[in-house]
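Me: I would like to go through this model term by term. Please set each value against its definition before you draw a conclusion.

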Amino acid sequence: MIYIYLLIVAYGITFGLQHKVPFIWKKSAFVDEMLGCSYCTGFHAGWITWILYSSAQANLLDEPLTFALFVNMILFAFAAAAFSYLMDVVSQWLELSVQK
């Protein structure tokens, strides 16, 4: 259940970065390209979410970053990327359906 919550948090970060933080746009071509892609932004939101959650649970503070923890972070980042992309596609579909 916690992973569903964390995926929603990652999507919230993705949505916020893409649509609600205009001061980071037009500073770098790389950042603009990343923010235009919900999968790419979702990946970065995923590892950020994982680090914040793990830090809050004291996992990162008590033990060093092992290979297993790194793999968990990367896997969660990919899951968050896929979830963010899926949610973006669904929200675009809903917006188009409402406009008709």
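Me: In which helix is phenylalanine 15 found?

Reply: Phenylalanine 15 is found in helix α1. The model is a predicted one, in which local features need pLDDT of at least 70 and side-chain atom pairs count only at pLDDT 80 or more, while totals for chains, interfaces and linings use all residues. Residues are numbered from 1 along each chain as its sequence is written, and side-chain values use heavy atoms, with hydrogens and water left out.

Me: What makes a stretch a helix, and how many helices and strands does the protein chain have?

Reply: Helices (H or I, at least four residues) and strands (E, at least two) are DSSP runs, numbered from the N terminus. On that basis the protein chain comes to 5 helices and 0 strands, and its pattern along the sequence is α-α-α-α-α. The C-alpha trace spans about 55 × 35 × 20 Å along its principal axes.

Me: Why is phenylalanine 15 called partly exposed?

Reply: The relative accessible area of phenylalanine 15 is 34%. Buried means under 20%, exposed means over 50%, and partly exposed is in between (1.4 Å probe, protein chains only). The value of 34% falls in between, so phenylalanine 15 is partly exposed.

Me: Why does alanine 77 count as buried?

Reply: Alanine 77, which lies in helix α5, has 0% relative accessibility and therefore counts as buried. Alanine 77 and tryptophan 47 are 30 residues apart in sequence, with 4.9 Å between their C-alpha atoms.

Me: What makes valine 21 buried?

Reply: Valine 21 has a relative accessible area of 18%, so it is buried. This residue lies in the loop between α1 and α2. Between the C-alpha atoms of valine 21 and leucine 52 there are 20 Å in space, and the pair is 31 residues apart in sequence. For the protein chain as a whole, buried residues make up 27% of the 100 residues.

Me: Is lysine 26 buried or exposed, and how do you know?

Reply: Lysine 26 has a relative accessible area of 74%, so it is exposed. Lysine 26 is found in the loop between α1 and α2 (29-35). Although it is not a glycine, lysine 26 has a positive phi of about 65 degrees.

Me: Why is tyrosine 85 called partly exposed?

Reply: At a relative accessible area of 46%, tyrosine 85 is partly exposed. Tyrosine 85 is in helix α5, and its C-alpha is separated by 8.3 Å from that of cysteine 37, 48 residues apart along the chain.

Me: What makes α3 oblique to α5?

Reply: Two packed helices are described by the angle between their axes and the distance between the axes. Axes are lines fitted to C-alpha atoms, for helices over the stretch in contact, and angles run from 0 to 180 degrees between N-to-C directions. The axes of α3 and α5 come within 7 Å and cross at roughly 135 degrees. That angle makes α3 oblique to α5, because angles under 35 degrees count as roughly parallel, over 145 as roughly antiparallel, 65 to 115 as roughly perpendicular and the rest as oblique. By class, their contact has 15 nonpolar, 6 polar and 1 charged residues. Here Ala, Val, Leu, Ile, Met, Phe, Trp, Tyr, Cys and Pro count as nonpolar, Asp, Glu, Lys and Arg as charged, and the others, Gly among them, as polar.

Me: Why is α1 called oblique to α3?

Reply: The axes of α1 and α3 come within 8 Å and cross at roughly 125 degrees. That makes α1 oblique to α3.

Me: What is the largest pocket lined by?

Reply: A pocket is an open set of points on a 1 Å grid over the protein atoms alone, with protein on both sides within 12 Å along at least five of seven lines, and lining residues have an atom within 4 Å of a point. The largest pocket is lined by 11 residues, of which Tyr3, Trp50, Ser54, Asn72 and Phe76 lie nearest its centre. Two or more residues of this lining come from each of α1 (2-20), α3 (38-56) and α5 (67-99). Helix α5 gives the most, with 5 residues. By class, the lining has 8 nonpolar, 3 polar and no charged residues.

Conventions
On a 1 Å grid over the protein atoms alone, a cavity is a set of points where a 1.4 Å probe fits but cannot get out, and a pocket is an open set with protein on both sides within 12 Å along at least five of seven lines; lining residues have an atom within 4 Å of a point.
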